[in-house]
Amino acid sequence: MENYDYLVVGSGLFGSTFAYEAAKRGKRIKVIEKRDHIAGNIYTHEVDGIQVHQYGAHIFHTSNKQIWDYIQQFAEFNRYTNSPVANYNGEMFNLPFNMNTFNKLWGVNTPDEALKKIEEQKKKARIVGEPKNLEEQAISLVGTDIYEKLVKGYTEKQWGKKATELPAFIIRRLPVRLTYDNNYFNDLYQGIPIGGYTQIIKKMLDSELIDVETQTDFFENKDQYLSTFPKIIFTGMIDEFFDYRLGELEYRSLKFETDELNMNNYQGNAVINYTDAETPFTRIIEHKHFEFGNGDKNKTIITREYPANWKRGDEPYYPMNDAKNNELYKKYKELANTIPKVLFGGRLGQYRYYDMHQVIHAALTAVSQEFD
Ligand code: FDA
């Protein structure tokens, strides 16, 4: 098919939502994707009848009814509730911090007793004035016990820096929930698509007006793409698009180590966070629990997630939205505004820590700016 209206770079949720909506409006679209599969970081695939979240645990959650209805067009969702558990040197605690956590930590039974304990600890730590770093900030919010056992090691691994060297603003709030409720998210709607996420993207891209080419990197033919397509939706890294000419934006990367085990149930929960400093990974995911144990009863698939520094060529999983990087991003955005034929979208194109519902929202906003 020739005479495309759009080139979409990246088959993740942003690019695919845009392509789907553009095709609905009769436009012709070519999607290129540098990986050997579609769906970006929400990609799931089946092993032993289990949906494996290849790029980390993905739980869909939103309070926006429109977005919730939108995503249901493409898959049926289960009633999964994110209730991660923390393992601190073998002691298990419920997350987010709630009455179950406080009961295990201190033996307290009521919200009043828990609040008293937190206040006592905050006072004892004597943080005077504005917290100077992440450690002081966290202690001033939740006291020393929660900080030491559930925040410190995990955060230091996540960022690759000591908590005393990290800026306070990384943690604006640490939600303390004074009920016996292990539901991590406050959103009205959450769940996991039965049969995985890839089907969603497959359905979005399933149109006679959309051609998809995997294992195709935009940068191998950048000039040609720029000259032949009337409009480009770019969901890769905005600094890479401009050949890093204003400097590199910072990202965090991850390494995933996946094992197939000959047992039915390894850890009894989909997500267990390892909050001590010594364990090198931050969490273990046991994929079958995202779908309530579906799959082979004699097998289970687990993935250990290791945070990693990012350098060119690594996967840029998380933008590092601190003041310095946001400032640099603004400059790239100004540069992007000078080439209106390219629209930058998604986590990497907009350098924003978007969750899935926010990416859909951002893509639908781009669609209405383009077509309405
Ligand atoms: P995404 O990165 O998915 O897609 C971009 C695509 O562009 C990729 O496929 C990439 O290969 C391709 N590409 C890049 N450069 C290219 C080039 N030069 N040429 C061709 N192709 C190129 N959200 C949530 O709501 N709940 C959750 O539980 C989680 N959990 C979670 C865990 C982990 C570990 C991560 C990293 C992220 C999450 N998320 C999440 C966030 C979620 O993954 C995210 O919101 C969406 O996948 C972002 O979709 P995008 O399309 O923006 O990017």
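Predicted model: local features only at pLDDT ≥ 70, side-chain atom pairs only at ≥ 80, totals over all residues.
Residues are numbered from 1 along each chain as its sequence is written. Helices (H or I, at least four residues) and strands (E, at least two) are DSSP runs, numbered from the N terminus.

### The sheet

Let's zoom out from Glu-286. Seven strands make up an open sheet, running β7-β6-β12-β13-β14-β11-β15, with mixed pairing. Because β7 and β15 (318-319) sit at the edges with a single partner strand each, one side of each has no neighbour in the sheet. Two strands count as paired if DSSP finds at least two bridges between them. Strands of a sheet pair through backbone hydrogen bonds, either parallel or antiparallel.

| Strand pair | Bridges | Direction |
|---|---|---|
| β6 and β7 | four bridges | antiparallel |
| β6 and β12 | three bridges | parallel |
| β12 and β13 | three bridges | antiparallel |
| β13 and β14 | four bridges | antiparallel |

Now for some of the partners. Ala-86 has Phe-93 as its bridge partner in β7, and in β12 its bridge partner is Asn-273. Val-85 bridges to Asn-94 in β7. Further along, Val-271 faces Ile-285 of β13.

Are the residues on the two faces of strand β13 buried or exposed? Arg-283 and Ile-285 on one side are buried, and so are Ile-284 and Glu-286 on the other, which leaves both faces of this strand (residues 283-286) covered. Buried here means that 20 or more other C-beta atoms lie within 10 Å of a residue's own; 12 or fewer makes it exposed, anything in between partly exposed, and C-beta atoms are placed from the backbone. In a regular strand the side chains alternate between the two faces of the sheet.

### Around the hairpin

Back at the β7 end, β6 and β7 form a hairpin with two residues between them. Asn-89 lies in the loop between these strands and has a positive phi of about 45°, although it is not a glycine. Asn-89 is exposed, as it has 12 other C-beta atoms within 10 Å.

Arg-126 is another non-glycine residue with a positive phi, of about 50°. You'll find Arg-126 in the loop between α4 (111-125) and α5, and it counts as exposed with 8 C-beta neighbours inside 10 Å.

Leu-95 and Pro-96 are joined by a cis peptide bond, with omega at about -10°. Pro-96 belongs to the loop between β7 and α3 (99-106). Most residues other than glycine have a negative phi, and most peptide bonds are trans.

### A kinked helix

Helix α6 (residues 144-159) has a kink of about 45° centred on Val-151; the bend at a residue is the angle between axes fitted to the seven residues ending there and the seven starting there. What do the buried residues of α6 pack against? They touch β6 (85-88), β7 (91-94), α5 (134-142), β12 and β14, where contact means C-beta atoms, placed from the backbone, within 7 Å. Among those buried residues are Ile-146, Tyr-147, Leu-150 and Val-151.

Trp-159 is also part of α6. With 18 C-beta neighbours inside 10 Å, Trp-159 is partly exposed. Trp-159 and Ala-308 are 149 residues apart in sequence, yet 8.3 Å apart in space, C-alpha to C-alpha. Just past the helix, Gly-160 has a positive phi of about 70°.

### The ligand shell

There are 35 residues around the ligand, and Gly-10, Gly-12, Gly-40, Gly-56 and Gly-346 come nearest. Two or more residues of the shell come from each of α1 (13-24), α11 (346-349) and α12 (356-371). A residue is near a molecule if its C-beta atom, placed from the backbone, lies within 6 Å of it. By type, the shell has 17 nonpolar, 12 polar and six charged residues. Ala, Val, Leu, Ile, Met, Phe, Trp, Tyr, Cys and Pro count as nonpolar, Asp, Glu, Lys and Arg as charged, and the others, Gly among them, as polar.

### What the record says

An unreviewed UniProt entry puts "domain: UDP-galactopyranose mutase C-terminal" at residues 149-353. UniProt positions follow the numbering used here, feature names are shortened, and annotations may be inferred rather than shown by experiment. Across residues 149-353, the chain is 24% helix and 22% strand, with the end C-alpha atoms 26 Å apart.

Terms used:
Contact = placed C-beta atoms within 7 Å.
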